[in-house]
Amino acid sequence: MGDLHIVTIIIIALNVIVSFKGFKDPVFFNKYRFNIGDIKAGSKHQIFTSGFLHANTSHLFVNMITLYFFANIVIYALGSPAFIMVYVASLLLGNFFSYYFHKHDYNYTAVGASGAVMGILYAAILLQPDMMLGLFFIIPVPAYVFGIGYLLYTIYGMKRNNDNIGHDAHFGGATAGYILTIVLAPWVFEAHLLMVLLLAVPIVILFFLHKTGKI
């Protein structure tokens, strides 16, 4: 994994600073969180700013530790500018997914860097699909198996819609990471064609289910 890149340090620092400000200041938190009603009323900035707020320290820690483990893979393969592009695009597409699937629920709120982090995670999986990940930090599984399984679980969570997890933001972020990595590193088609195709399967399933009105 190597030393943390300065770009990763800056992103983690921004998340920590903004999140802790939100923990202590409810007015600040409510102004910059993702809220459908606020966004429809004109607070479009929430689509971006909510990605730096977190619900609590555990939420913040899980996102930042995941970023810590996978950021360097993307930075060293694609470069810092591309890493930032993937991070921001995944944050935005994750929240656009949330907006799209909850646009009629004016009380829907969300915070967290999960969409952005999922984009980086899926970019890393595309770049190194044969690396091993620890399921529940214990069970070793190939990265591509984790990627496919997690997206299928996310579709299940979106379909049930009975918990407080932003499954749609996770899926949107992962989709952005997948697409941008292919655009920025087309060599993955030659190096990992089967994995590229397999990781596309959950994305196709989601759009099919949505097209047929099942999600």
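Visitor: Why is V201 called partly exposed?

Guide: V201 has a relative accessible area of 38%. Buried means under 20%, exposed means over 50%, and partly exposed is in between, with a 1.4 Å probe and protein chains only. V201 is therefore partly exposed. V201 is found in helix 10. A word on the source: this is a predicted model, where local features need pLDDT of at least 70, side-chain atom pairs count only at pLDDT 80 or more, and totals for chains, interfaces and linings use all residues. Residues are numbered from 1 along each chain as its sequence is written, and side-chain values use heavy atoms, with hydrogens and water left out.

Visitor: What makes F61 count as exposed?

Guide: F61 has 54% relative accessibility, so F61 counts as exposed. F61 is found in helix 5. The C-alpha atoms of F61 and I12 are separated by 9.9 Å. Along the chain, these two are 49 residues apart.

Visitor: Why does T175 count as buried?

Guide: T175 shows 5% relative accessibility, so T175 counts as buried. T175 is found in helix 9. Contact means heavy atoms within 4.5 Å. Leaving aside neighbours within four places in sequence, T175 is in contact with L93 and I203.

Visitor: What makes S80 count as buried?

Guide: The relative accessibility of S80 is 17%, so S80 counts as buried. S80 lies in helix 6. Apart from neighbours within four places in sequence, S80 is in contact with H5, V7 and I75. The C-alpha atoms of S80 and V201 are separated by 29 Å, and the two are 121 residues apart along the chain.

Visitor: Which residues touch the most other members of the largest nonpolar core?

Guide: L67, F83 and Y122 do, in a core of 52 residues. A nonpolar core is a set of buried Ala, Val, Leu, Ile, Met, Phe, Trp, Tyr and Cys residues joined through side-chain atoms within 4.5 Å. Elements giving two or more residues to this core include helix 1 (6-24), helix 5 (57-78) and helix 10 (187-211). Helix 7 gives the most, with 11 residues. Another core, of 5 residues, lies apart from it, and among its members are F34, I36, I39 and I47. In soluble globular proteins, nonpolar side chains tend to be buried together.

Visitor: What is Y122 in contact with, leaving aside its neighbours within four places in sequence?

Guide: Y122 is in contact with F146, G147, Y150, L151, A174 and L199.

Visitor: How many helices and strands are there in the chain?

Guide: The chain has 10 helices and 4 strands. Helices (H or I, at least four residues) and strands (E, at least two) are DSSP runs, numbered from the N terminus. From that end, the elements run α-α-β-α-α-α-α-β-α-β-β-α-α-α.

Visitor: Why is the chain called as compact as a globular protein of that length?

Guide: Its radius of gyration is 17 Å, close to the 17 Å that the globule rule gives for 215 residues, so the chain is as compact as a globular protein of that length. The radius is taken over C-alpha atoms, and the rule is 2.2 Å times the number of residues to the power 0.38. The C-alpha atoms fill a box of roughly 50 × 45 × 30 Å, taken along the principal axes.

Visitor: How much of the chain is made up of buried residues?

Guide: Buried residues make up 47% of the 215 residues. Among contacts between residues at least 6 apart in sequence, 74% join residues at least 24 apart.
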